[in-house]
Amino acid sequence: MSEKECLGKMTNITPETRIMMMRGEDGRQGYRRQILAALAVSLGPFAAGLSKGYMSPAIASMQEDRLHKGSFTVSDQQASWIASLSLLGALVGGILGGMAMRIGRRSVLLMTALPYTVAWLATALSTSVDMISVTSFCGGMLVCCITMITQVYVTEIAVPEIRGCLSSVLKILSQIGFLISFSLGAYLNWHQLALVVAAAPVLLFLALLFIPETPSSLLLRGKEEEAADSLQWLRGPDADIRQELATIRTNILASKQYHDGRAGKFKVLLSKRLTRPVLITCGLMFFQRFTGAHVFNFYAVSIFKKTFRMMNPHGGAIATSVVQLLASCLSGMLIDNVGRLPLLMISGVMMSIAFAGFGSYAYYDYVFRNTTDLTQTVQGSYDWIPLLCVLTFTIAFSLGIGPISSLLIGELFPLEYRSTGSALATSFSHLCGFVNVKTAADFQYYIGLYGLFWMYAGLAVLCLLFVVLFVPETKGREIDEMDPKYVESLCINR
């Protein structure tokens, strides 16, 4: 049979048939190595979680610390720059990471791990707001490369049956890092906490030495023998990988033929294969970043100080991170069984209610703070209300839009566009994050804490509408490299 005939046959069979063809009787034995590889790269999101959880206690420490020689205090505006510059750096990192990803997923992770450690060592030694701002920017740039590429790595090595679960492992490790930073932040100052964060990328570098590059990346660069070795390692020594390897190879050829039939690069870039996934993923990233759950991670201690009367703000932040971790674990168990869309819709409904509730409490506290009725009540008797609202929107965010928006970046983009598409979506995500974190203090000044969270409630409602109208279900599907025409079918089809 000619290559062209083989190409036609391979691209016309159904996704379900491909799964059956590629999974032999011993297919499940390969799960163990895929899990080990996912755990190895998940040390990248673990380091990212440490850095994300660092900001809230560190900013509180910087604003209070007047005891140690060489330390400095920062204003609210300076704190917003320190927090948001890491996201501005991530915007640059997304672009650079997308370009560098073409030389290999594992290779880029190895190149960025140790410089990330250096950035955090520099943070620990910072002696001014300007210096810590520079290190925040550099750290954000490097961590964006790491988190973006680890998601793509897991997407490319995992079979559909466990892909969503393994992707959730990345989020779970990130939440564990987040929890560790919040917990240690109650006892360590910002210098000491930065040294803890600096240790994590070293563990990532060491773990990467024991896992292979992704087969798809190797085949895309013409390294067939290395791709076969990688796929064999991932699927297990007794697995028959010939069909799966041939399918990936054939669809890479199909992608090249597809583009050869297009007139000019500009039309290729405007094709549905790229534009639709970009619009869907960027839409989700917009709503993921412009929520109170995201900005709360940076200002948790400060916000709790404004709403709590008796409860310890650090204790509230730690409780929030524990719930975030548990919700991420629950998402990992549900995402491949329930599906992406139901979790996204539940997330949107719960977040809108919780944001509205938190905003209402903040308004009540603002209006009646000095009234006779409020002062006659037991001090701190209402602290459970804002805490409950925060825990609710934290669960909603970690259950749905938090992990799933990142997962869809890896699932919706075809192989030849995966580096470009991931860079666009990730960079846009961090641009939105930068704007949200930087302007949160300004919005709070002009419309109050209650107005800020009412605004987030409205955005959560719009997020729900966007999910219902535009986001496709990808549960159980092969990633798009197995079907060059799949992305063109993404539309309002429910």
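This is a predicted model: local features need pLDDT of at least 70, side-chain atom pairs count only at pLDDT 80 or more; totals for chains, interfaces and linings use all residues.
1. **Overall make-up.** The secondary structure of the protein chain comes to 21 helices and zero strands. The chain has 494 residues, and 59% of them count as buried. Contacts across the sequence deserve attention as well: among those between residues at least 6 apart in sequence, 84% join residues at least 24 apart.

2. **Helices H8 and H9.** Helix H8 covers residues 160-185 and helix H9 covers residues 190-208; they pack at an angle of about 155 degrees, and their axes are 10 Å apart. That angle makes H8 roughly antiparallel to H9, because angles over 145 degrees count as roughly antiparallel. The crossing of these two helices, H8 and H9, is right-handed. On the H8 side the contact includes Ser-181, Leu-184 and Gly-185, which meet Leu-193, Val-196 and Val-197 of H9. By kind, the residues of this contact divide into four nonpolar, two polar and no charged.

3. **Helices H8 and H20.** Helix H8 also packs with helix H20 (residues 401-412): the two axes come within 10 Å and cross at roughly 125 degrees. That makes H8 oblique to H20. The crossing of H8 and H20 is right-handed. Here Arg-163, Gly-164, Ser-167 and Lys-171 in H8 meet Gly-402, Pro-403, Leu-407 and Glu-411 in H20. The residues of this contact divide into two nonpolar, three polar and three charged. The reader may set this beside the contact of H8 with H9, where no charged residue takes part.

4. **Ser-174 within H8.** A further residue of helix H8 is Ser-174. Is Ser-174 buried or exposed? Its relative accessibility is 9%, so Ser-174 counts as buried, the cut-off for buried being under 20%. Leaving aside residues up to four places away in sequence, Ser-174 touches Pro-45, Phe-46, Gly-49 and Lys-52.

5. **Helices H5 and H15.** Helix H5 (residues 76-100) packs with helix H15 (residues 292-307) at an angle of about 130 degrees, and the axes of the two are 11 Å apart. H5 and H15 are therefore oblique to each other. In passing H15, H5 makes a right-handed crossing. Ser-80, Ala-83, Ser-86 and Leu-87 in H5 meet His-294, Phe-298 and Tyr-299 in H15. These residues divide into four nonpolar, three polar and no charged.

6. With a relative accessibility of 4%, Phe-298 counts as buried. Phe-298 and Ser-80 also show how residues separated along the chain are placed in space: they are 218 residues apart in sequence, while their C-alpha atoms are 9.0 Å apart.

7. **The buried residues of H3.** Helix H3 spans residues 31-41, and within it Tyr-31, Arg-33, Gln-34, Ala-37, Ala-38, Ala-40 and Val-41 are buried. What covers the buried residues of H3 includes helix H4 (43-64), helix H6 (105-124), helix H7 (129-157), H8, H9 and H11.

8. **Ala-228 in H11.** Helix H11 runs over residues 224-235 and contains Ala-228. Not counting residues up to four places away in sequence, Ala-228 touches Ile-241 and Leu-245. Between Ala-228 and Ile-241 there is a distance of 7.7 Å from C-alpha to C-alpha, the two being 13 residues apart along the chain.

9. **Cysteines.** How many disulfides does the structure hold? There are zero disulfides in the structure. Cys-145 is in no disulfide, and the nearest cysteine sulfur, that of Cys-144, is 6.0 Å away. A disulfide requires two cysteine sulfur atoms within 2.5 Å. Cys-145 counts as buried, at 8% relative accessibility. Cys-432 is likewise in no disulfide; for Cys-432 the nearest cysteine sulfur is that of Cys-282, 7.9 Å away. Cys-432 is buried too, having a relative accessible area of 4%.

Technical notes:
Residues are numbered from 1 along each chain as its sequence is written. Side-chain values use heavy atoms; hydrogens and water are left out. Axes are lines fitted to C-alpha atoms, for helices over the stretch in contact, and angles run from 0 to 180 degrees between N-to-C directions. Helices (H or I, at least four residues) and strands (E, at least two) are DSSP runs, numbered from the N terminus. Angles under 35 degrees count as roughly parallel, over 145 as roughly antiparallel, 65 to 115 as roughly perpendicular and the rest as oblique. A crossing is left-handed if the near helix is turned anticlockwise from the far one by less than a right angle, and right-handed if clockwise. Contact means heavy atoms within 4.5 Å. Ala, Val, Leu, Ile, Met, Phe, Trp, Tyr, Cys and Pro count as nonpolar, Asp, Glu, Lys and Arg as charged, and the others, Gly among them, as polar. Buried means under 20% relative accessible area, exposed over 50%, partly exposed in between (1.4 Å probe, protein chains only).
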